[in-house]
Amino acid sequence: MVCGGFTCSKNALCSLNVVYMLVGLLLIGVAAWGKGFGLVSSIHIIGGVIAVGFFLLLIAIVGLSCKSESCHTCGELMLTHATVALKILGGVGLFFSFTEILGVWLAVRYRNQKDPRANPSAFL
């Protein structure tokens, strides 16, 4: 297996979620310890730190649970969406290229017209 493949990305995400779980638990523990010893007197700061730790812990737990038995791989989904997007992009590109050709034709036609307000005895 090459590093950077599906297995490497999955292992990196799992380890990152474990680190986030530890950080969330650390935030909750330090905030509770600070309140218990009276180091921080503001309940709003303690509540905010505990809430951030709790939400970080919750997101990390949800990130560690993503069952792969009934799911498609990310590569398949990205390839499907990329195919559809490239077809749309190709159609839009063709449309604008044909309108650009029309614009060039109109510019050449306008450039080669004589100005009716110009002096008729002038060379160009």
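From the N terminus on, the elements of the chain run α-α-α, and the secondary structure comes to three helices and zero strands, where helices (H or I, at least four residues) and strands (E, at least two) are DSSP runs numbered from the N terminus. This is a predicted model, in which local features need pLDDT of at least 70 and side-chain atom pairs count only at pLDDT 80 or more, while totals for chains, interfaces and linings use all residues. Residues are numbered from 1 along each chain as its sequence is written, and side-chain values use heavy atoms, with hydrogens and water left out.

Of the 124 residues of the chain, 6% count as buried, a class that means under 20% relative accessible area, with exposed meaning over 50% and partly exposed in between (1.4 Å probe, protein chains only). The accessible surface of the chain comes to about 10700 Å², of which 74% belongs to carbon and sulfur atoms; such areas come from the Shrake-Rupley method with a 1.4 Å probe, and for residues only the protein chains shown count as cover.

An unreviewed UniProt entry places the feature "transmembrane region" at residues 12-33, 39-64 and 84-108; UniProt positions are given in the numbering used here, feature names are shortened, and annotations may be inferred rather than shown by experiment. In the model, residues 12-33 are 100% helix and 0% strand, with end C-alpha atoms 31 Å apart, whereas residues 39-64 are 85% helix and 0% strand, with end C-alpha atoms 34 Å apart.

Helix H1 covers residues 6-36, and its 31 residues should span 45 Å at 1.5 Å a residue, which agrees with the 45 Å that separates its end C-alpha atoms; the expected span is 1.5 Å times one less than the number of residues. Just after H1, Gly38 takes a positive phi of about 75°.

Which residues of H1 are buried? They are Asn17, Gly24, Ala31 and Gly34, and what covers the buried residues of H1 includes helix H2 (43-64). An α-helix has 3.6 residues a turn, so residues three or four places apart point the same way. Asn17, which has its place in helix H1, counts as buried because its relative accessible area is 13%. Leaving aside its neighbours within four places in sequence, Asn17 is in contact (heavy atoms within 4.5 Å) with Ala60, Gly63 and Leu64.

Val62, in helix H2, lies 45 residues from Asn17 in sequence but 9.0 Å from Asn17 in space, C-alpha to C-alpha, and Val62 counts as exposed because its relative accessibility is 53%. Leu58, also found in helix H2, is partly exposed at 40% relative accessibility, and its C-alpha atom is separated by 8.1 Å from that of Met21, 37 residues apart along the chain. Ala32, in helix H1, is partly exposed at 42% relative accessibility, and the C-alpha atoms of Ala32 and Ile50, 18 residues apart along the chain, are separated by 7.8 Å.

The surface also carries a nonpolar patch of about 410 Å², made by Leu13, Leu16, Val19, Tyr20 and Val23. Patches are made of residues with over 30% relative accessible area and no salt bridge, like charges being joined within 9 Å and nonpolar side chains (Val, Leu, Ile, Met, Phe, Trp, Tyr) within 5 Å; a salt bridge is a side-chain nitrogen of Lys or Arg within 4 Å of a carboxyl oxygen of Asp or Glu. Val23, a residue of helix H1, counts as partly exposed because its relative accessibility is 34%.
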